[in-house]
Amino acid sequence: MNFVGGHILSIDQFERGDIERIFQVADAMKPYALRHRVTRVLEGAILGNMFFEPSTRTRVSFGSAFNLLGGNVRETTGIQVSALAKGESLYDTARVLSGYSDVICMRHPESGSVAEFAAASRVPVINGGDGSNEHPSQALLDLYTIEKELAAQNRGIDGLRIAMIGDLKYGRTVHSLCGLLALYNNIHVTLVSPVELAMPEEIVERLRQAGHQVVISQELTNAISHVDIAYSTRIQEERFQSKQEADSYRGRFRLNQAIYTQFCEPNTVIMHPLPRDSRADANELDSDLNQNPNLAIFRQTDNGVLVRMALFALVLDVVDQVDKHSHPVTWHHNRGV
Amino acid sequence: MNFVGGHILSIDQFERGDIERIFQVADAMKPYALRHRVTRVLEGAILGNMFFEPSTRTRVSFGSAFNLLGGNVRETTGIQVSALAKGESLYDTARVLSGYSDVICMRHPESGSVAEFAAASRVPVINGGDGSNEHPSQALLDLYTIEKELAAQNRGIDGLRIAMIGDLKYGRTVHSLCGLLALYNNIHVTLVSPVELAMPEEIVERLRQAGHQVVISQELTNAISHVDIAYSTRIQEERFQSKQEADSYRGRFRLNQAIYTQFCEPNTVIMHPLPRDSRADANELDSDLNQNPNLAIFRQTDNGVLVRMALFALVLDVVDQVDKHSHPVTWHHNRGV
Amino acid sequence: MNFVGGHILSIDQFERGDIERIFQVADAMKPYALRHRVTRVLEGAILGNMFFEPSTRTRVSFGSAFNLLGGNVRETTGIQVSALAKGESLYDTARVLSGYSDVICMRHPESGSVAEFAAASRVPVINGGDGSNEHPSQALLDLYTIEKELAAQNRGIDGLRIAMIGDLKYGRTVHSLCGLLALYNNIHVTLVSPVELAMPEEIVERLRQAGHQVVISQELTNAISHVDIAYSTRIQEERFQSKQEADSYRGRFRLNQAIYTQFCEPNTVIMHPLPRDSRADANELDSDLNQNPNLAIFRQTDNGVLVRMALFALVLDVVDQVDKHSHPVTWHHNRGV
């Protein structure tokens with residue numbers, strides 16, 4: 001695809017070469033994200049960070065990525081404070097807001113809303129999540145993290161063995177990640193979920209038609225015993241038809257250090273799209289994994305900044321100018337040393 | 001008036017020469033708003049964008065205008081998160097907040113509140129809307145748009161024929177626009193509204209005493225048939241005493257492409273202060289007008305950025321320095337080409 | 001203490017030399033806060049201004065302080081829009097958010113939360129208030145103000161005579177201020193409050209063990225008659241067990257110009273942590289004191305910007321570079337002249 005001046009709405013836009021281009025640019029952003037250098041390449045540019053649904057993490061990540069390129073951020077943080085609430089169409093909102101900024105990141109609770117908005121926008125739009133539909137920068141940062149974690153073991157994405165665990169029915173991040181993996185070769189995917197929260201059939205088919213091997217399971221320990229990546233997701237109790245149903249699964253998909261030690265290969269990387277529910281009865285990743293060097297969940301969020309910087313640099317066509325407008329950081333920092 | 005260091009609280013501050021000065025500066029802001037050039041003239045300056053009532057559109061417009069001049073923006077977006085809710089006086093709020101910024105834009109739900117705030121502020125204050133009272137930057141962007149639209153037809157504001165349509169009783173934008181038009185010569189104003197929502201008598205008088213011709217009507221099609229500008233506003237159902245009353249007017253002030261083609265002169269410009277209610281039963285501008293080149297509603301919001309940049313440049317006295325601190329944009333843009 | 005790369009969580013971190021260092025840096029920030037000069041020393045740096053509890057005043061003060069040093073601000077303004085609401089631990093929130101910024105200012109409703117957050121953060125954290133526990137920058141700006149006000153009378157903090165008035169039980173600002181005063185010599189403290197809202201015994205003890213003189217009183221007029229500083233705080237009616245109880249104290253701790261003239265020495269300085277309740281039945285500082293030159297409440301908030309700039313400059317180790325990256329202001333300003 002031609003990134004310059006374009007929208008980033010769906011992972012379906014990308015071919016493998018596009019993803020490799022994004023990751024190459026993300027790599028080049030590292031000195032800036034690690035605060036070794038400062039770039040002012042987007043000095044004077046404005047990001048419209050339009051979150052019509054609350055999300056501190058994704059909103060701040062996009063905003064910081066734009067600041068790291070030297071740009072300014074104007075933002076909104078909830079639909080209740082918006083003209084949308086007075087019956088304004090997405091067309092009008094897009095025509096107006098695109099007059100206030102150079103690029104827009106938008107989150108909105110309704111599926112398809114961001115694409116509708118982008119069609120009327122006069123500036124590039126990046127989808128920051130539209131309901132259960134798409135959240136392409138999350139899928140990209142997940143795949144970028146997989147690539148980096150495997151590269152540390154001198155391997156590439158082709159041939160990856162991954163287990164996806166938890167709510168595979170409603171979790172848009174695992175759907176999108178499967179869509180990206182379909183572009184690669186010889187992936188082994190193990191899907192572990194309650195029956196009610198199984199991966200949609202069309203996604204399983206897409207993987208199989210791409211030549212990948214897909215195994216479906218309800219048993220955590222077998223599934224994670226021979227994988228490079230264990231990708232856990234949140235199971236929300238309200239997804240089940242009854243409390244009894246929910247209780248029957250309680251704890252069955254929970255990964256902790258003891259289970260990891262007993263069942264996983266020593267280099268298995270643990271991922272999660274976050275937030276991770278750390279309350280006692282959550283079905284997710286135990287906090288006793290926090291000291292495990294293979295817990296990659298915070299490397300994921302760090303990588304999110306790199307990927308989002310790359311998307312901004314690509315759509316605004318400044319990739320080749322980033323270094324030219326840069327200088328060393330002069331304040332104290334202790335990251336990446 | 002002397003703009004430097006002063007407040008912008010009401011359209012009553014302005015004489016015709018002041019408006020011409022604002023519009024001249026707004027014109028000079030165009031290369032920056034269109035992203036041909038970047039200026040850093042207000043680098044290091046801080047706008048306190050204090051919205052004690054939600055308004056995404058106006059808030060972001062002011063913030064972007066300040067960013068486009070190189071300044072930073074600190075903001076607040078609702079009265080519930082404010083010390084005002086704990087009984088703090090506007091005097092105290094103004095004394096405190098004016099210590100945090102170089103200029104303040106304030107919106108507040110109560111009439112007169114912004115002037116009271118400005119009296120205690122140590123920095124210039126721009127009224128971003130105080131209840132049903134004033135919203136001077138909206139009136140200025142409306143008149144600036146009228147000027148630009150007529151200039152494209154090689155005409156000036158003097159001699160303008162304008163229809164104002166909808167809720168003329170509560171709509172502060174049409175009140176303020178009438179106030180500005182009173183400064184010009186030989187204006188023909190047609191006022192079209194339900195009887196209950198008629199233009200207040202003192203505003204009609206002000207126009208007539210300025211020598212303008214005012215016609216009052218309840219019939220849309222006649223009113224718009226010989227005008228340069230058809231300025232539509234929103235009718236909120238809750239303004240009527242009964243649902244019956246509201247229903248009796250439903251659709252009577254709605255402008256769509258068919259009515260436009262049948263009744264309007266070919267160059268009649270359509271304006272609206274936005275947001276436009278695009279729900280099916282709204283009494284406003286149909287979306288089938290979106291392709292009409294004379295629909296100026298998004299040129300209005302674009303012009304709002306220019307006018308707000310001009311106000312900031314004037315009160316902070318940097319008009320003559322804007323170009324000196326500028327350089328070409330190096331990122332991709334496709335506006336204004 | 002070594003400020004570079006460290007957290008600012010509690011006044012208990014400071015020795016007298018640390019405070020003198022902070023105040024010395026705050027003094028050096030004055031040309032920038034008064035807009036005589038602009039510095040870009042933190043250009044490219046990002047403050048994560050994380051307010052998980054609403055506070056316009058403190059949030060904007062921290063944000064403006066960071067902007068005045070040339071940095072960018074990303075922020076959040078309420079816990080309801082946060083992953084914390086979905087069961088995320090402070091550990092996770094800290095690991096994630098510290099990947100998005102160079103320094104974090106955090107406010108949170110729970111005591112101890114900011115220290116817990118800081119333990120997991122990869123960047124310096126400044127406590128912006130954690131429940132009833134600590135608000136160290138408020139204590140520092142209060143003491144800085146006392147120093148400046150006394151310096152205008154050619155005196156230092158040692159030997160200070162201060163009355164603290166109002167809710168001394170729940171008011172964290174007076175607790176923290178007492179903690180700082182304990183580091184100085186020969187302080188005379190008079191504590192005036194309803195019996196139910198008396199200063200906690202351990203704080204009184206701390207002052208006495210530091211060799212200071214503490215007098216406890218329920219009578220305002222005596223207490224303020226021989227002091228350098230009258231520090232008033234808010235009494236919230238809901239702190240009392242009954243309305244009768246509350247009524248019995250109504251007006252007894254209220255300071256106005258008549259009382260000031262009759263009982264105070266001519267140079268007694270009036271302070272308050274703000275917001276001041278200006279409703280008719282409030283028990284605080286009357287607005288007829290607004291013209292009294294010894295009312296220092298807005299000098300306090302102005303000083304807050306200086307102190308917060310100093311904290312940022314110290315933890316990011318740019319104190320010696322501030323002037324090097326500076327230039328004169330070119331826009332209109334009328335402060336500090």
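## Close-up views of a predicted three-chain model

View 1. Helix α7 of chain C, residues 172–181, is mostly covered, with 9 of its 10 residues buried (a residue is buried if 20 or more other C-beta atoms lie within 10 Å of its own, exposed if 12 or fewer, and partly exposed in between, with C-beta atoms placed from the backbone; helices are DSSP runs of H or I of at least four residues, strands are runs of E of at least two, and both are numbered from the N terminus). This is a predicted model, in which local features need pLDDT of at least 70 and side-chain atom pairs count only at pLDDT 80 or more, whereas totals for chains, interfaces and linings use all residues. Residues are numbered from 1 along each chain as its sequence is written, while chains are lettered from A and ligands numbered from 1 in the order in which they are written. The buried residues of α7(C) are C:Thr173, C:Val174, C:His175, C:Ser176, C:Leu177, C:Cys178, C:Gly179, C:Leu180 and C:Leu181. Among the elements of chain C that cover them are the helices α1 (16–28), α6 (136–151) and α8 (201–209), together with the strands β6 (161–165) and β9 (229–232).

**View 2. The nonpolar core around Met309 and Ala310.** The largest nonpolar core has 311 residues, and the members that touch the most others are A:Met309, A:Ala310, B:Met309, B:Ala310, C:Met309 and C:Ala310 (such a core is a set of buried Ala, Val, Leu, Ile, Met, Phe, Trp, Tyr and Cys residues joined through C-beta atoms within 7 Å). Once its neighbours within four places in sequence are left aside, B:Ala310 is in contact with B:Ile22, B:Val25, B:Ala26 and B:Met29, where contact requires that the C-beta atoms of two residues, placed from the backbone, lie within 7 Å. In soluble globular proteins, nonpolar side chains tend to be buried together.

**View 3. The two domains of chain A.** Chain A is divided into domain 1, which takes in 11–134 + 303–328, and domain 2, which covers 137–298; these bounds come from an automatic or database domain assignment. Taken over C-alpha atoms, the centres of the two domains of chain A are separated by 27 Å. Their contact takes 18 residues from domain 1 of chain A and 17 residues from domain 2 of chain A. On the side of domain 1 that touches domain 2, the elements giving two or more residues are α1 (16–28) and α12 (297–315) of chain A. The residues of that side of domain 1 of chain A divide into 8 nonpolar, 4 polar and 6 charged (Ala, Val, Leu, Ile, Met, Phe, Trp, Tyr, Cys and Pro count as nonpolar, Asp, Glu, Lys and Arg as charged, and the others, Gly among them, as polar).

View 4. Chain A can be laid on chain B with an RMSD of 0.0 Å by a turn of 120° and a shift of 0.0 Å along the axis, which is the relation of a three-fold axis; the superposition is by least squares on the C-alpha atoms of residues with pLDDT of at least 70 in both copies. In chain A, the C-alpha nearest the axis belongs to A:Asn72 and lies 4.7 Å from it. The contact between these chains takes 32 residues from chain A and 31 residues from chain B. On the side of chain A that touches chain B, β2 (46–51), β3 (72–76) and α4 (90–97) of chain A each supply at least two residues, and α4(A) gives the most, with 5 residues. By class, that side of chain A has 12 nonpolar, 11 polar and 9 charged residues.

**View 5. Backbone geometry in loops of chains A and C.** The peptide bond from A:Leu274 to A:Pro275 is cis, with omega near 0°, and A:Pro275 has its place in the loop between β10 (269–271) and α12 of chain A. In chain C, the bond from C:Leu274 to C:Pro275 is likewise cis, with omega near 0°. Phi of A:Arg35 is near 65°, a positive value in a residue other than glycine; A:Arg35 is found in the loop between α2 (30–33) and β1 (37–39) of chain A and is buried, with 22 other C-beta atoms within 10 Å. A:Asn154, also not a glycine, has a positive phi of about 60°, but A:Asn154 is exposed, with 6 other C-beta atoms within 10 Å. Most residues other than glycine have a negative phi, and most peptide bonds are trans.
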